[in-house]
Amino acid sequence: MLTALYIHIPFCEKICTYCDFHKEIASLDKKKRYMSSLIKELNNHKFEYSNLLTIYIGGGTPSSLPIDLIEDLFICIDSLINVKALAEFTIETNPNDITIELAQLFQNYGINRVSVGVQTFNKSHLEFLGRTHNKNDVTTAIDNLLKCNIDNINVDMMFSLINQSLEELEEDIAEVLKLPIKHISYYSLILEEKTKLHYLYRQNKISMNDEDLEALMYNKVIDSLINAGFNHYEISNFSKKGYKSLHNLVYWKNKQYLGLGSGSHSLYRGKRFSNIRNIRKYILALQEEGYPIRETHNIEPLREELIMGLRLLSGVNINYVNNKYNVDLLELYPEIEEFINQNLLELKNDQLYFTRNGLMLGNTIFSIF
Ligand code: SF4
């Protein structure tokens, strides 16, 4: 049963220095052709939406599209899906895109959760990251959403920025905690290949923070957000009571979802597959063949279940996993017991989960699976 739908909008106004997502700066004509192909793809699956609970429109920056193209997409969704029955309907945005007009459009078409890419409030860090907004844009955006009765708001933040001091991080945390929001995603800056940041790094023009400072900053983020009443429920995600991201929980619980749009991934009907990534070829495929060419990927169900499930602070139930995959986890991965002895993992009432120390070393732990 399909309960979660992801829709990808691969366009941005400007490319951030650290970003390796599937996105590009495109002409208006290309955006129009992409959106009409996407609408075709949405229609191709029209008989599969009857049990949907969540829709997530991500990117790229969906809010950077001209407002009439966003409305065309909403009209299509509205014609195919019972939006009122959705528990969560999210769209990703940049703060400087959220005019009152756009917030009203969101409200009119049933968007009930908005994710705002803030990253930092610090002017020079924003400039270095290549972001296009300033601190005032964030408060204006959130005011506009609240005026339209959209209060389920997530803010994306980043820590361990290049040359970021602990004081600057504390200022960012203080600012984000002033906002009337329900959810915060707080990620560390990652050096991704084929980004401007990576190029600067290879030229020895920048250096990344060492692991100790990064761990100190991560601990600061966790403690501050918990003290402010947020529940730390996933490695990088914090929510007020009742406001966990329902759509992302589908990924973390390894449940099925369908992705539409170029480069989108799906886990559906027992298969993991992705749409063609090249936007021009995606448009052509939908025009000529009626569907985008898809690549199927191998599924490693146990590995995926463990890696996704352990991202949640509640962890995984080892009895459930043992029964589901007919294995004995502790026998299959003797390292788990070593990690428990090193106070990186904890096993209580058959529930296996990260300790605070383990959270700092997530990738080391994941590498055994
Ligand atoms: S706005 Fe988001 S998707 Fe676009 S380049 Fe920046 S980080 Fe990447």
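**Close-up views of a predicted model**

**View 1. Arg269 counts as exposed at 63% relative accessibility.** For burial, buried is under 20% relative accessible area, exposed is over 50% and partly exposed is in between, using a 1.4 Å probe and protein chains only. This is a predicted model, where local features need pLDDT of at least 70, side-chain atom pairs count only at pLDDT 80 or more, and totals for chains, interfaces and linings use all residues. Numbering starts from 1 along each chain as its sequence is written, and side-chain values use heavy atoms, with hydrogens and water left out. Arg269 sits in the loop between β10 (265–268) and β11 (271–275); helices (H or I, at least four residues) and strands (E, at least two) are DSSP runs numbered from the N terminus. Although it isn't a glycine, Arg269 has a positive phi of about 50°.

**View 2. Nine strands line up in an open sheet.** Reading across, the order is β7-β8-β6-β5-β4-β3-β2-β1-β9, and the pairing is mixed. Two strands pair if DSSP finds at least two bridges between them. The edges belong to β7 (231–234) and β9 (258–260), each with a single partner strand, so one side of each has no neighbour in the sheet. Neighbouring strands are turned by 20° against each other on average, direction ignored; axes are lines fitted to C-alpha atoms, for helices over the stretch in contact, and angles run from 0 to 180 degrees between N-to-C directions. Helix α1 (residues 28–44) packs on this sheet and touches β1 (4–9) and β9, with its direction making about 165° with that of β1. Contact here means heavy atoms within 4.5 Å.

**View 3. β6 and β8 run antiparallel.** Three bridges pair strand β6 (residues 183–188) with strand β8 (residues 237–239).

**View 4. β4 is buried along its whole length.** Seven of the seven residues of strand β4 (residues 113–119) are buried, so the strand is largely enclosed by the rest of the structure. In a regular strand, side chains alternate between the two faces of the sheet. For β4, one side carries Arg113, Ser115, Gly117 and Gln119, the other has Val114, Val116 and Val118, and all are buried. Strand β3 (residues 88–93) pairs with β4 in the parallel sense over four bridges, and Ile91 stands opposite Val114.

**View 5. β2 is covered on both faces.** Six of the six residues of β2 are buried, so this strand, too, is largely enclosed by the rest of the structure. Thr54, Tyr56 and Gly58 are on one side, with Ile55, Ile57 and Gly59 on the other. β1 and β2 run parallel, joined by six bridges, and Ile9 has Gly59 as its bridge partner in β2. Now follow the chain on from Gly59: the peptide bond to Gly60 is cis, with omega near 25°. Gly60 itself lies in the loop between β2 (54–59) and α2 (67–80).

**View 6. Cysteines and a glycine turn up in the ligand shell.** Around the ligand are Cys12, Lys14, Ile15, Cys16, Tyr18, Cys19, Phe21, Lys23, Gly60, Thr61, Asn94 and Arg131, where being near takes one heavy atom within 4 Å. By class that's six nonpolar, three polar and three charged residues, with Ala, Val, Leu, Ile, Met, Phe, Trp, Tyr, Cys and Pro counted as nonpolar, Asp, Glu, Lys and Arg as charged, and the others, Gly among them, as polar.

**View 7. Three strands form an open antiparallel sheet.** The order is β13-β15-β14. At the edges are β13 (316–317) and β14, each with a single partner strand, so one side of each lacks a neighbour in the sheet. Four bridges join β14 to strand β15 (residues 351–354), and Lys348 has Gln351 as its bridge partner in β15.

**View 8. Gly358 is buried at 0% relative accessibility.** Gly358 belongs to helix α15 (residues 356–360). Skipping residues up to four places away in sequence, Gly358 touches Asn343, Leu344 and Ile365. Its C-alpha is 9.1 Å from that of Glu346, twelve residues apart along the chain. Asn343 is in the loop between α14 (335–341) and β14 (345–348) and has a positive phi of about 60° despite not being a glycine. At 41% relative accessibility, Asn343 counts as partly exposed.
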